[in-house]
Amino acid sequence: MLDWDNVRVFLELTRSAGLVDAAKKLGIDHSTVSRRMRKFEEQVGTQLFDRNYVGYQLTPEGHRLMEYAETMESTVFAATEELGEHNRLLSGQVRLGATEGFGAVVLAPHLAQFCGRYPHISVDLIAVPRFVSLSKREADVAISIERPQSGPYVVTKLSDYRLKLYATPAYLARHAPITGVAQLAQHPIIGYVDDLVFSAELRYMDNVAPDSLRAFRSTSVLAQYHAARAGQALAILPCFVAQQSDELVPVLDGDIDLVRSFWMISPSERRNIARVSALWNYLRTAIDLNHAYLMGETAAPSWPP
């Protein structure tokens, strides 16, 4: 029989930056982590990690064991919640992961309203320019621009959203009128760092303006937004981000019209916990009300009654 405490240490080591990081998260000494993993490998009868200058790297056997270990973890967590009746209480912590722009511009104000309605629920918003990992327990709910293809998740489409090409009136006044997409090759366009784009859904520059000058690039859509406001270049931005400022106006409106989608995802064993369910349902209602806002058809957000 596998010792759950060793399984827990094993999982933390696979999710951490290294031995010292895992030990810190577990609240034990790093030498204890190392010793327990060696005993754990003896118990299962195979080598789980390659130990080298990079750190602890999972072997093929370690990867296979991780699937079973994560199932054990989910079962233990679900049993703890159920027996403790925590899943029926509208209290406790919920962690929500989202893309940076959507999290900062759309979700943050609505989460403030949510917390006002549910004063005993605390919400952590993880708004980052990357995917939030549910398998590594980074969040209870994630909002992504890609639908997961597999996994023990509950998934719903939250909303479509629109992106357009923007510039400041001052920039447009300094240049000849832009009347067609082909002319974009003569203009600098702000975009993402190509080799750090975390989703193919964000590689729209290759289709819209492949020959344009990319003088400034950033992994952050909010950095792109603020750079565009400086009036030195064009930028493709979500409408809900660009319309935060009167300094940005659409360029080639109607010719450049990109639509992407947001998906809301939660691990199956966490979806029906009361505090998670309350946040899930609130976000469904709030984002349904803001479909026109996300599509750039209205300039102001709407609020659930």
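Helices (H or I, at least four residues) and strands (E, at least two) are DSSP runs, numbered from the N terminus. Strand E6 (residues 153–167) is where to find Ser 159.

Welcome to this predicted model, in which local features need pLDDT of at least 70, side-chain atom pairs count only at pLDDT 80 or more, and totals for chains, interfaces and linings use all residues. Residues are numbered from 1 along each chain as its sequence is written, and side-chain values use heavy atoms, with hydrogens and water left out.

**Around Ser 159.** The side chains of Ser 159 and His 291 are joined by a polar contact of 3.4 Å (a pair of N or O atoms within 3.5 Å; within protein, one must be able to donate a hydrogen and the other to accept it, and residues adjacent in sequence count only if both atoms are side-chain atoms). Setting aside residues up to four places away in sequence, Ser 159 also touches others, including Arg 260, Phe 262 and Leu 294; contact means heavy atoms within 4.5 Å.

**How accessible?** Buried means under 20% relative accessible area, exposed over 50%, and partly exposed in between (1.4 Å probe, protein chains only).

| Residue | Relative accessible area | Class |
|---|---|---|
| Ser 159 | 5% | buried |
| Cys 115 | 28% | partly exposed |
| Cys 239 | 1% | buried |

**The cores.** A nonpolar core is a set of buried Ala, Val, Leu, Ile, Met, Phe, Trp, Tyr and Cys residues joined through side-chain atoms within 4.5 Å. The largest has 63 residues, and Leu 237 and Phe 240 are among those with the most contacts inside it. Helix H11 (residues 274–289) gives the most to this core: 8 residues.
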